Amino acid sequence: MRHLKSGRKLNRSGGHRLALMRNLLTSLITRERIRTTDAKAKELRGWADYVITLAKEGSLHARRQALSVIHDKAVVRKLFDTLGPRFRERPGGYTRAIKIGWRRGDHAPVSLVELMAVVEEEKGDTAKGRDASRRARKRAKQPASAAQS
């Protein structure tokens, strides 16, 4: 029984798992959107939330803790200078994994892992825009006499 054994083994040794997560995390912070298998994506979310929480704190100690996970100083600089302030008001859940299908070679389930603020910036205020366009269509359908009364 695996009671109190957190994390996924991913069929790798401990050192290989650590290197894999560091590389995936570095790629996610650099590109802000990566494609990987479902199991790796689910494991990566916790690591990403941890370092982004450190970036929100912004202290020297937090920066050194992030450097112990991510060994690329330029990536840590981006994390603390751009991603930390971007997620300042968000209480958690900085990433999401979207299942996108299966890999062609081995039929492994594949997911897209992305940072949430990227998605929100691209969408904008779609709810307001949709409601405004509905009102405009409704006004256009009404006859001129009914609109004036």
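**A walk through the salt bridges**

The accessible surface of the protein comes to about 10,100 Å², and 51% of that belongs to carbon and sulfur atoms (areas by the Shrake-Rupley method with a 1.4 Å probe; for residues, only the protein chains shown count as cover). Keep in mind that this is a predicted model, where local features need pLDDT of at least 70, side-chain atom pairs count only at pLDDT 80 or more, and totals for chains, interfaces and linings use all residues. Residues are numbered from 1 along each chain as its sequence is written, and side-chain values use heavy atoms, with hydrogens and water left out.

Of the 149 residues, 31% count as buried (under 20% relative accessible area; exposed is over 50%, partly exposed in between, with a 1.4 Å probe and protein chains only).

Now for the salt bridges (a side-chain nitrogen of Lys or Arg within 4 Å of a carboxyl oxygen of Asp or Glu): the whole structure has six. One pairs Arg-8 with Glu-43, with the closest N and O atoms 3.3 Å apart. That pair ties the segment before H1 to helix H2, 35 residues apart.

Next, look at Glu-114, which is buried at 3% relative accessible area. Arg-33 forms a salt bridge with Glu-114 at 2.8 Å, linking strand E1 to strand E3 across 81 residues. Arg-96 also meets Glu-114 in a salt bridge, at 3.0 Å; Arg-96 sits in strand E2.

Finally, Glu-32, Lys-78 and Arg-86 are linked in a network of salt bridges.

Conventions. Helices (H or I, at least four residues) and strands (E, at least two) are DSSP runs, numbered from the N terminus.
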